[in-house]
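Biologist: Please take a close look at one packed pair of elements in this model. Then set that pair in the rest of the assembly.

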Amino acid sequence: MSMVGTSQDSPPPAAAVAAPALDVGSVEGGGQPIRRHRSLWGDAWRRLIRNKLAMCGLFGITLLLFLTITASWIMPYDYDYQNFGNIAEPPSAEFPLGTDLVGRDMLSRMIYGARVSMSVALISQVVVLMIAIPLGAIAGYYGGWTDTFLMRIVDIFYAIPQLLLAILIMGVLGRGLENLFIAIILTSWLTLARQTRAQMLSLREKDFVLASRAIGASASRIIIRHMLPNALTPIVVAVTFGIPQIIFAEAALSFIGVGINPPMPSWGQMVGEYQQYLRSNWHLATFPALAIAFTMLSFTFLGDGLRDALDPRTRD
Amino acid sequence: MSRYLAGRLVVMIPTIVVLSLVLFVLMRLTPGSPLQPIAPNANPLSPEAQEALAKEWGLDKPIIEQYLVYVWKAFQLDFGMSYLYKTRSVTEILGPTLPVSLHLGLMALTIAIVVGVTLGVLAATHRNGGFDYLCTFIAMIGVSVPNFVMAIVFIIVFVMGLKVIPYTGGWESPVDWIMPTLVLSLAPLAIIARYTRSSMIEAISSDYVRTARAKGNSERRVMLYHVLKNALIPPLTIMGPLVAAVATGSPFVEIIFRVPGMGRYFIESVLARDYPVIMAVFLFYGVFLQAMNLVVDVLYGIVDPRIRLDG
């Protein structure tokens, strides 16, 4: 949502729209020359809202964002308030999702869990963007030893599963929100940096880059004004798929017990702690599990829709 | 081919060396000493006792020497003693858990390949039909829903709801194998089905298939001898990382279903900062992943004669 929204509100730099939009226009408007000018993002948006699954995903994400922002006002109880008279109760009118083993209202904990998941994911993703895009762009544009060095680091990181590495970092640093950011950011910038680099490598050889270089544009200008806008589409898609990856990582780390610090609620932590009580208290692990599934699916639906909308050629 | 293999090894070995070095240094630099008892409220060890322990574990030597000794011993599968279970060696702890994880992983992988390829092929040959929607549905769920969430859903539906599978846990009888295997197979199944489907669709619309049809071959023959043979090559590329990830089991599935596999011990050792066990597990994963990628690349060259590894 946010990605599409921002691109619509503030059109990308002129160079970004010019090349691809002309392309789309000439193909689509071939038979109807009087047709109103359509931008690349406008076209993509129109394709996106026709995609029912993507709209379901967008609705889900909007709901999650709403919960994230309003969590403190709409929670019926405090997330760590213990109702000692109502321990481990199944769902009822008073507690729609039941209470946990120490009498805390599950609905409140679930709502606050949305805030934890979403803020970890969104903040980490912004930092990842700020690290990965410049690194990938510089490596791809300049090549040489910067590129070799970056790619060797990526190779070493890729030699072990990223989640295991995150688990290790959390194990070493100890659990807590700040460390969670460190572990997640350290393990998730690689993929985006590699993708940006690949984009830059192919754009570097294009004529318009050669042309800007010929008229004496500086390297930073070429990268920022000409190359990055053209690499925006794959980056937007990568970000949409990157967010659920981070939500998954947070849930997985908290599941194991190396994520957030209780009593702060996290869906993953709830599933991990309560999975052993499924038989006696089914509601404790089930609702957080469904919430994780709902969140992951929402982002995947939107991501798939965005990919198809931004680059119709990838649709088979 | 041998030149290619040599080239790959030249890249592989430094990667693993650097990985092990980084892990080794990282673990030595982290706060928290293995020389202090981990139990809460335990009395701290006296400096003399700590010195004796450091000497016994070789922690008093310079770090480079410690590393070289470690590597030398690792080649002999001696990863030192566990810091957590002070009387047991890492090999003793991980030895019995690895076969369990491999067993679980290989069963899940078999299901994933058989069902995934079948589903992908059926989806491609019945485009926009029931199988295609089923394939897309499973691919979406399998790729995006984490396996520990799937495990909870499966327990609720199959064990508590439909009661088709009894309450289990552990790894003794084949009944215990059903749920963890099913849950673990879902993600690779989804990936394989998706790859097979798109590669099949590409093959079906290619010129040589049209030629095969034009020659009057039966649809069945065209599919089996012309399409399948070529379409199954691309999915092979993803098998390397997939085998490495799945065949080694999953900590999450192992925790939920109480499977005594390597993943569970890995988590336990991370929580207790049992560095020798952590190092051993990481080295194992690193080597295993690199080896699987190499095997798949070589296989790829054998199956597809168009690919020349010598370049």
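Modeller: I start with the ground rules, go to the pair, and then widen the view.

Residues are numbered from 1 along each chain as its sequence is written, while chains are lettered from A and ligands numbered from 1 in the order in which they are written. The model is predicted: local features need a pLDDT of at least 70, side-chain atom pairs count only at pLDDT 80 or more, and totals for chains, interfaces and linings use all residues.

The model's scores are ipTM 0.81 and pTM 0.82. Chain B has an average pLDDT of 82, and 94% of its residues score at least 70. Here pLDDT is the predictor's confidence in each residue, from 0 to 100. Within chain B, the element with the lowest mean pLDDT is H1(B), at 78. The highest mean, 90, belongs to helix H5 (residues 97–125) of chain B. Where pLDDT is low, the predicted coordinates should not be read in detail.

Now the pair. Take helix H11 (residues 232–256) and helix H13 (residues 282–310) of chain A. Helices (H or I, at least four residues) and strands (E, at least two) are DSSP runs, numbered from the N terminus. Two packed helices are described by the angle between their axes and the distance between the axes. For H11(A) and H13(A), the angle is about 170° and the axes are 9 Å apart. Axes are lines fitted to C-alpha atoms, for helices over the stretch in contact, and angles run from 0 to 180 degrees between N-to-C directions. H11(A) and H13(A) are therefore roughly antiparallel. Angles over 145 degrees take that label; under 35 is roughly parallel, 65 to 115 roughly perpendicular, and the rest oblique.

Which residues of H11(A) and H13(A) make the contact? H11(A) brings residues including Thr233(A), Val236(A), Phe241(A), Pro244(A), Phe248(A) and Ala251(A). From H13(A) come, among them, Ile292(A), Met296(A), Phe299(A), Gly303(A), Arg307(A) and Leu310(A). Contact means that the C-beta atoms of two residues, placed from the backbone, lie within 7 Å. By class, the residues of this contact divide into 14 nonpolar, 5 polar and 1 charged. Ala, Val, Leu, Ile, Met, Phe, Trp, Tyr, Cys and Pro count as nonpolar, Asp, Glu, Lys and Arg as charged, and the others, Gly among them, as polar.

Next, the loop between H11 and helix H12 (267–274) of chain A, where Pro263(A) sits. A cis peptide bond joins Pro262(A) and Pro263(A), with omega about 10°. Most residues other than glycine have a negative phi, and most peptide bonds are trans.

Chain A as a whole has 13 helices and 0 strands. Of its 316 residues, 45% are buried. That means 20 or more other C-beta atoms within 10 Å of a residue's own; 12 or fewer is exposed, and in between is partly exposed, with C-beta atoms placed from the backbone. Among contacts in chain A between residues at least 6 apart in sequence, 68% link residues at least 24 apart.

The largest nonpolar core has 157 residues. Such a core is a set of buried Ala, Val, Leu, Ile, Met, Phe, Trp, Tyr and Cys residues joined through C-beta atoms within 7 Å. Ile167(A), Leu253(A), Val271(A) and Ala151(B) touch the most other members. H5(A) gives the most to this core, 17 residues. Neighbours within four places in sequence aside, Ile167(A) is in contact with Leu253(A), Ile256(A), Val258(A) and Val270(B).

Now the partner. Chain B has 15 helices and 0 strands. Of its 311 residues, 35% are buried. The contact between the chains takes 35 residues from chain B and 32 residues from chain A. On the chain B side, H7(B) gives the largest share, 7 residues. That side has 28 nonpolar, 6 polar and 1 charged residues.

Two loop residues of chain B deserve a check. Asn128(B), in the loop between H5 and H6 of chain B, has a positive phi near 65°. With 8 other C-beta atoms within 10 Å, Asn128(B) is exposed. Arg258(B), in the loop between H13 and H14 of chain B, has a positive phi near 55°. Arg258(B) has 15 C-beta neighbours inside 10 Å and counts as partly exposed.
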